[in-house]
Amino acid sequence: MALVIDETAQYLKKTPMSVLGSAVWGRIHAIGSTVPVSGIYRCEGCGDEITSNKGTEFPPQNKHQHPGSAANIGWRLIVQTQTKG
Ligand SMILES: [Zn+2]
(Lines give C-alpha, C1' and ligand atoms only; values in the text may rest on other atoms or scores of the structure.)
Protein backbone atom coordinates (compact mmCIF):
# COMPACT_ATOMS: atom_id res chain seq x y z
CA MET A 1 0.00 0.00 0.00
CA ALA A 2 1.30 3.43 -0.89
CA LEU A 3 2.25 5.39 2.21
CA VAL A 4 2.07 9.04 3.22
CA ILE A 5 2.81 10.90 6.44
CA ASP A 6 0.64 13.60 8.00
CA GLU A 7 2.76 16.34 6.47
CA THR A 8 2.48 14.96 2.94
CA ALA A 9 -1.17 13.78 2.98
CA GLN A 10 -2.14 17.35 2.08
CA TYR A 11 -0.69 16.75 -1.38
CA LEU A 12 -3.11 13.93 -2.15
CA LYS A 13 -6.62 14.79 -3.26
CA LYS A 14 -9.56 12.47 -3.67
CA THR A 15 -11.26 13.10 -6.98
CA PRO A 16 -14.47 11.78 -8.53
CA MET A 17 -13.98 9.45 -11.48
CA SER A 18 -15.01 11.37 -14.57
CA VAL A 19 -16.23 9.67 -17.72
CA LEU A 20 -12.88 10.43 -19.29
CA GLY A 21 -11.08 9.18 -16.20
CA SER A 22 -12.88 5.85 -16.18
CA ALA A 23 -10.78 4.78 -19.14
CA VAL A 24 -7.75 5.21 -16.90
CA TRP A 25 -8.97 4.55 -13.34
CA GLY A 26 -11.49 1.87 -14.19
CA ARG A 27 -9.23 -0.31 -16.29
CA ILE A 28 -6.71 -3.01 -15.52
CA HIS A 29 -3.73 -2.39 -17.77
CA ALA A 30 -1.95 -5.35 -19.34
CA ILE A 31 1.75 -6.11 -19.14
CA GLY A 32 3.70 -4.40 -21.86
CA SER A 33 0.89 -1.98 -22.68
CA THR A 34 1.47 1.77 -22.81
CA VAL A 35 1.11 3.70 -19.54
CA PRO A 36 -1.80 6.16 -20.02
CA VAL A 37 -0.95 8.58 -17.17
CA SER A 38 2.00 8.89 -14.80
CA GLY A 39 1.45 7.53 -11.32
CA ILE A 40 1.53 4.62 -8.91
CA TYR A 41 0.06 1.37 -10.17
CA ARG A 42 -0.81 -1.77 -8.20
CA CYS A 43 -0.69 -5.30 -9.55
CA GLU A 44 -4.12 -6.88 -9.18
CA GLY A 45 -2.51 -10.30 -8.93
CA CYS A 46 0.01 -9.82 -6.11
CA GLY A 47 -0.44 -6.30 -4.71
CA ASP A 48 3.02 -5.12 -5.75
CA GLU A 49 3.24 -1.43 -6.56
CA ILE A 50 5.24 0.36 -9.23
CA THR A 51 5.66 3.90 -10.45
CA SER A 52 5.28 4.37 -14.19
CA ASN A 53 5.57 7.36 -16.46
CA LYS A 54 3.06 8.24 -19.16
CA GLY A 55 4.05 6.95 -22.57
CA THR A 56 6.39 4.23 -21.29
CA GLU A 57 5.40 0.56 -21.10
CA PHE A 58 4.29 -1.48 -18.11
CA PRO A 59 6.90 -4.09 -17.12
CA PRO A 60 7.04 -7.14 -19.38
CA GLN A 61 6.23 -10.51 -17.86
CA ASN A 62 9.90 -11.39 -17.37
CA LYS A 63 10.37 -8.28 -15.19
CA HIS A 64 7.38 -8.90 -12.93
CA GLN A 65 6.83 -12.51 -12.05
CA HIS A 66 4.47 -14.30 -9.73
CA PRO A 67 6.44 -17.21 -8.26
CA GLY A 68 4.52 -20.43 -8.53
CA SER A 69 1.23 -18.61 -8.96
CA ALA A 70 -1.21 -18.46 -11.80
CA ALA A 71 -2.56 -15.10 -10.67
CA ASN A 72 -2.85 -12.74 -13.58
CA ILE A 73 -0.68 -9.67 -13.80
CA GLY A 74 -2.64 -6.47 -14.37
CA TRP A 75 -1.86 -2.92 -13.35
CA ARG A 76 -4.44 -0.63 -11.76
CA LEU A 77 -3.88 3.07 -11.20
CA ILE A 78 -4.03 3.94 -7.50
CA VAL A 79 -2.38 7.40 -7.41
CA GLN A 80 -2.13 9.70 -10.42
CA THR A 81 0.73 12.18 -10.36
CA GLN A 82 0.25 15.61 -11.87
CA THR A 83 3.32 16.52 -13.86
CA LYS A 84 3.75 19.80 -15.66
CA GLY A 85 4.86 19.69 -19.25
ZN1 LIG B 1 1.97 -9.01 -9.54
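Helices (H or I, at least four residues) and strands (E, at least two) are DSSP runs here, numbered from the N terminus. With that in place, I can go through the chain.

This is a predicted model, in which local features need pLDDT of at least 70 and side-chain atom pairs count only at pLDDT 80 or more, while totals for chains, interfaces and linings use all residues. Residues are numbered from 1 along each chain as its sequence is written, and side-chain values use heavy atoms, with hydrogens and water left out.

First, the overall layout. The chain has two helices and three strands, in the order α-α-β-β-β along the sequence. Its C-alpha trace spans about 40 × 30 × 25 Å along the principal axes. I will call a residue buried under 20% relative accessible area, exposed over 50%, and partly exposed in between, using a 1.4 Å probe and protein chains only. Of the 85 residues in the chain, 24% are buried. Contact means heavy atoms within 4.5 Å. Among contacts between residues at least 6 apart in sequence, 53% join residues at least 24 apart.

Next, the metal. Which residues are the protein donors of the zinc ion? They are Cys43 (SG), Cys46 (SG), His64 (NE2) and His66 (NE2), at 1.9 to 2.3 Å from the ion. Donors are N, O and S atoms within 2.8 Å of the metal (3.2 Å for Na, K and Ca); water is not among the atoms, so sites may look incomplete. The angles among the four donor atoms run from 105 to 116°, and the site is tetrahedral. For four donors, that label requires all angles to lie between 85 and 135 degrees. Along the chain the donors follow the spacing C-x2-C-x17-H-x1-H. Cys46 sits in the loop between strand E1 (39-43) and strand E2 (49-52), and His66 in the loop between E2 and strand E3 (75-80), so this pair ties together parts 20 residues apart in sequence. Cys46 is partly exposed, at 43% relative accessible area, whereas His66 is buried, at 13%.

The loop between E2 and E3 also holds Lys63. Is Lys63 buried or exposed? Lys63 is exposed, with a relative accessible area of 65%. Its C-alpha atom is 9.7 Å from that of Ile31, which is 32 residues away along the chain.

Ser52 belongs to strand E2 and is buried, at 8% relative accessible area. Apart from neighbours within four places in sequence, Ser52 contacts Val35, Val37, Ser38, Gly39, Tyr41 and Phe58. Ser38, in the loop between H2 and E1, is buried too, at 13%.

Last, the largest pocket, with a volume of about 620 Å³. On a 1 Å grid over the protein atoms alone, a pocket is an open set of points with protein on both sides within 12 Å along at least five of seven lines, and lining residues have an atom within 4 Å of a point. Of the 19 lining residues, Leu12, Lys13, Trp25, Val79 and Gln80 are the closest to the centre. Helix H2 (19-25) and E3 are the elements that give two or more residues to the lining, and E3 has the largest share, three residues.

Key. Tetrahedral: all angles 85-135°; square planar, octahedral: opposite > 155°, others 65-115°. 1 Å grid on protein atoms, 1.4 Å probe; cavity = no way out; pocket = protein on both sides within 12 Å on 5 of 7 lines; lining within 4 Å. Points joined across faces, edges and corners; volume = space filled by probe spheres on them.
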